[in-house]
Amino acid sequence: SSGINAEYGGGGIVICYCMAVAYGHVEAAFPYISDTGTFPPESCVFTLFLNCAAVVALAIFTLKYLHVVQYNRQCSPAVTRINTAALITGYIAAFGIMVVGAFQETNVLAIHVAGAMMAFLGGTVYMFLIASLGFRQDVNFGVDERQYAKARLVMAFLSLISFVISMTASTVAWYQWIPFDPASKSILWNKRDKGYNVHLVATAFEWVMALDLLAFLMTFSQELHIIQLQVVLSRLQIISSSYKRSLLRQVMI
């Protein structure tokens with residue numbers, strides 16, 4: 001499911017980007033991800049895929065939480081606290097994704113920005129918390145998470161650095177940008193705009209953040225595969241037990 005969410009999320013972003021560029025709603029060179037879902041018809045697709053991606057992300061965060069609970073046999077208080085904090089921040093990030101899709105920046109900018117902050121900042125904190133679990137020596141998570149811990153930590157730092165650069169550059173570019181018509185809701189940039197180069201830095205690192213988070217979720221594939229396998233085996237055991245009871249009844253009759 002983590003792989004599906006990454007492929008779905010990446011595919012949805014690309015579809016909205018292509019639609020927005022084709023309709024002339026954004027520039028082709030690194031628009032903000034939100035800009036690709038601001039105007040119809042791409043805004044409808046953007047909202048749909050973000051809501052679906054958020055639901056799948058909620059499922060992944062919950063499964064990862066349950067995976068840690070299952071293998072935290074020693075009931076380590078530290079692991080329990082980190083795991084709970086990760087679940088909460090993951091839910092906040094997923095809710096932020098829904099907010100971004102529901103409130104376009106040209107309609108309710110403050111709520112849209114708040115949703116983006118929840119999604120990106122919450123996602124970054126989640127990445128750090130999950131990465132820290134991989135370095136725990138007192139819990140066996142069913143797989144060697146230490147082989148993923150370093151890569152996840154690098155991804156977490158990449159997300160944090162990208163977040164700081166993107167937010168800083170975005171603020172600078174916003175104050176430098178002088179639209180042709182301030183009263184319009186145009187989000188188009190061109191090379192002659194003041195702050196254009198800083199704008200490109202902000203948008204490029206926003207794309208890095210999004211792709212980094214999707215790649216991070218894909219590292220859960222082995223853990224979630226184990227959980228899915230256990231569910232299948234449990235169901236087979238239930239079916240087998242029911243079948244045996246049925247045969248026993250027939251013999252007794």
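Student: How much space lies in the largest cavity?
Tutor: A cavity is a set of points on a 1 Å grid over the protein atoms alone where a 1.4 Å probe fits but cannot get out. Grid points are joined across faces, edges and corners, and a volume is the space filled by probe spheres set on the points. By that count, the space in the largest cavity is about 410 Å³.

Student: Which residues that line the largest cavity are the closest to its centre?
Tutor: Lining residues have an atom within 4 Å of a point. For the largest cavity, 24 residues line it. The closest to its centre are Leu50, Ile97, Phe120, Ala210 and Leu213.

Student: What should I know about the model and its numbering?
Tutor: This is a predicted model, where local features need pLDDT of at least 70, side-chain atom pairs count only at pLDDT 80 or more, and totals for chains, interfaces and linings use all residues. Residues are numbered from 1 along each chain as its sequence is written, and side-chain values use heavy atoms, with hydrogens and water left out.

Student: Which helix gives the most to the lining of the largest cavity?
Tutor: Helices (H or I, at least four residues) and strands (E, at least two) are DSSP runs, numbered from the N terminus. At least two lining residues come from each of H1 (2-22), H2 (42-71), H3 (77-102), H4 (109-133) and H6 (196-218). With 6 residues, the one that gives the most is H2.

Student: How many residues of the lining of the largest cavity are charged?
Tutor: Ala, Val, Leu, Ile, Met, Phe, Trp, Tyr, Cys and Pro count as nonpolar, Asp, Glu, Lys and Arg as charged, and the others, Gly among them, as polar. The lining has 19 nonpolar and 4 polar residues. The charged count is 1.

Student: What elements make up the chain?
Tutor: From the N terminus on, they run α-α-α-α-α-α-α. Strands number 0. The chain has 7 helices.

Student: How are H3 and H4 oriented, roughly parallel or roughly antiparallel?
Tutor: Axes are lines fitted to C-alpha atoms, for helices over the stretch in contact, and angles run from 0 to 180 degrees between N-to-C directions. The H3 and H4 axes are 7 Å apart, at an angle of about 155°. Angles under 35 degrees count as roughly parallel, over 145 as roughly antiparallel, 65 to 115 as roughly perpendicular and the rest as oblique. So H3 and H4 are roughly antiparallel.

Student: Is the crossing of H5 and H6 left-handed or right-handed?
Tutor: The axes of H5 and H6 come within 7 Å and cross at roughly 155°. A crossing is left-handed if the near helix is turned anticlockwise from the far one by less than a right angle, and right-handed if clockwise. H5 passes H6 in a crossing that is left-handed.

Student: Which peptide bond is cis?
Tutor: Most residues other than glycine have a negative phi, and most peptide bonds are trans. Pro41 lies in the loop between H1 and H2. With omega near 10°, the cis bond runs from Pro40 to Pro41.

Student: What is the phi of Phe30?
Tutor: Phe30 is also found in the loop between H1 and H2. Phe30 is not a glycine, yet its phi is positive. The value is about 45°.

Student: Is Lys194 buried or exposed?
Tutor: Buried means under 20% relative accessible area, exposed over 50%, partly exposed in between (1.4 Å probe, protein chains only). Lys194 sits in the loop between H5 and H6. Its relative accessible area is 54%, so Lys194 is exposed.

Key: On a 1 Å grid over the protein atoms alone, a cavity is a set of points where a 1.4 Å probe fits but cannot get out, and a pocket is an open set with protein on both sides within 12 Å along at least five of seven lines; lining residues have an atom within 4 Å of a point.
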